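Hello,

Here is the structure you are taking over. My notes follow it.

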Amino acid sequence: MLIKIIKLWINNLSLFSLDLKGIIPPKSTAMYYSHTIEDNKIGLFTSFVKSLIEGRQEYKPVVNNVIEEAHALALGNKTLFNIDRDSYPIVVLLEENDPDFFKTVDSNKADEGVYQKVLNILTEQKSISYY
Amino acid sequence: MDVKLLELNFAQLSRAWNKSKFNNYSDNRKQAYRDRLASLFNKLQAEDFSNLSPTQVKDRSYIIDFFFTSLQFLDSSTLNLIPFEIVECLGESLKEWIDPHQDFIIVTSLVNEPLGFSFNPNLAFNNFLYTNIKTVYNEEFPQRLIQITLPRFLVRDYLANVVLYHELGHFIDVKYNIASAIHNYLCNHYFNNALNPQDKADVQKYFPYIENYRTYFLQKQLPPTIFYHLREYFSDIFASQYIGECSNYYLDYITKKQAQHGEEHPSTINRVDIVNKFLKSDTSSYTLNLILSATQQITNRDLSIRYSRITNNEFYNLLPCVISNEQQLHSLFILGWETWLDDWNKISAINNMQFQIDANQVYNIINNLIEKSINSFIVTKSWEKANAIAEESN
């Protein structure tokens, strides 16, 4: 009886008879892969800054928020552990590239010169900074 | 970017959308998401791309990327394809790490790669995407898709699927940028000689190459290896909150107990070691303590043991386990692994079997029983919820 039940379970429920040894590749390179979104965020934000410079004011709040976070980080009013998490890679990238500039910048009075400076940092950067 | 290439991209999207727009989904939220995509598609279709500036072309290309990624996962999450049981377990863990007002839909994509486990956070945690869509087309997506990819033929393998808890760790790391922040903090302190000799030695244990990177640090050209390794350590610890050392069993095997680190992964020995320290509440490691304290500061949540053991292992009696709460739900995986690693003759003996049970049978039994246990928990919970609603309305 039990054998029948087990066989039934096996027949009904197993999708594959799997030999794990047969499917494991020699290296674990594919395992624990995680998609990164930093490039995507930086690319989109660069596009926002360009749009703002081209005159589309609707991008001003989102750009200014990032500049404000970089300012707070440069002054030490915020730390790596409490700056905005969504814009983190951009904020850190900007602040690390020119901390003195971001110490003095006022996002409320940001003009095209400030946005151009931000754009230069974003477009000069060839890869994401790891420090 | 050339307008013609954007038009090509949109033509590709149109073809994909024609196939996907009639999909049926198991829940109304996916249906609602699909309807929003339909509205976005109409706006893309109505626009004359030829008058757009290069920046505007780029904005649209990001939107088409978003659309394609949404379709990729929605197509695999139709009524008969979604692996409900594992999604339920991951959903319970996820709830503990996101704010209650955030509305996420877990969708899955099945791939042919044998180890193709991953979470894609791009649609969930990239607010710039939604700012772009709202600004360009005035469309809002209140629900965010969380995309899980898993190997097609391991979809109901609950032993292998413990890996998904590690992937969830990467997902949470990306949401909060935990490893990035720890990386900057750690490198600053290490290379500026701000650590005492004991802490420095601990850092050198988990990042044995770090001293060679001193010059790169001074030149501000630090390679990403330390950052990548921190991501793995964090995700390993994150997973072990829910599944104990089960992820280590699998990792140990597939990496052949790798003693050397690679560019993206620490040595298996170090990964297993840091997890074991965490599970034993060993507070002697500076690196582990830094990961724990930074996670608390950034997320307001503690990395801690978040499973509770099921007292009766019914698997030996060939019965599903009765799960009382979410913490026990996660420990089903631990039970499954313990049963797999145990002497299978016990199953034969307890059930008076007149034959030796083999690996394929045990494999199927364990997976079947874990799935049934999760199912039973889902049904009971739904029943209790329905009863509570009925009582309230009476």
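First, a definition: a nonpolar core is a set of buried Ala, Val, Leu, Ile, Met, Phe, Trp, Tyr and Cys residues joined through side-chain atoms within 4.5 Å. Buried means under 20% relative accessible area, exposed over 50%, and partly exposed in between (1.4 Å probe, protein chains only).

Conventions. This is a predicted model, in which local features need pLDDT of at least 70 and side-chain atom pairs count only at pLDDT 80 or more, while totals for chains, interfaces and linings use all residues. Residues are numbered from 1 along each chain as its sequence is written, chains are lettered from A and ligands numbered from 1 in the order in which they are written, and side-chain values use heavy atoms, with hydrogens and water left out.

Core. The largest nonpolar core has 160 residues, of which F45(A), L44(B), F66(B) and F207(B) touch the most other members. Helix 11 (residues 225-243) of chain B supplies the largest share, 11 residues. Helices here are DSSP runs (H or I, at least four residues), numbered from the N terminus.

F45(A). Contact means heavy atoms within 4.5 Å. Leaving out residues up to four places away in sequence, F45(A) touches V62(A), V63(A), V66(A), I90(A), V118(A), L122(A) and F128(B).

Helix 3 of chain A. Of its 16 residues, 13 are buried. G55(A) follows this helix, with a positive phi near 110 degrees.

Cysteines. A disulfide is a pair of cysteine sulfur atoms within 2.5 Å. The count over all chains is 0. The sulfur of C89(B) is too far for a bond, because the closest cysteine sulfur, in C246(B), is 13 Å away. C89(B) is buried, at 0% relative accessible area. C187(B) is buried too, at 0%.

Best wishes

Key
Helix = DSSP H or I, 4+ residues; strand = E, 2+ residues; numbered from the N terminus.
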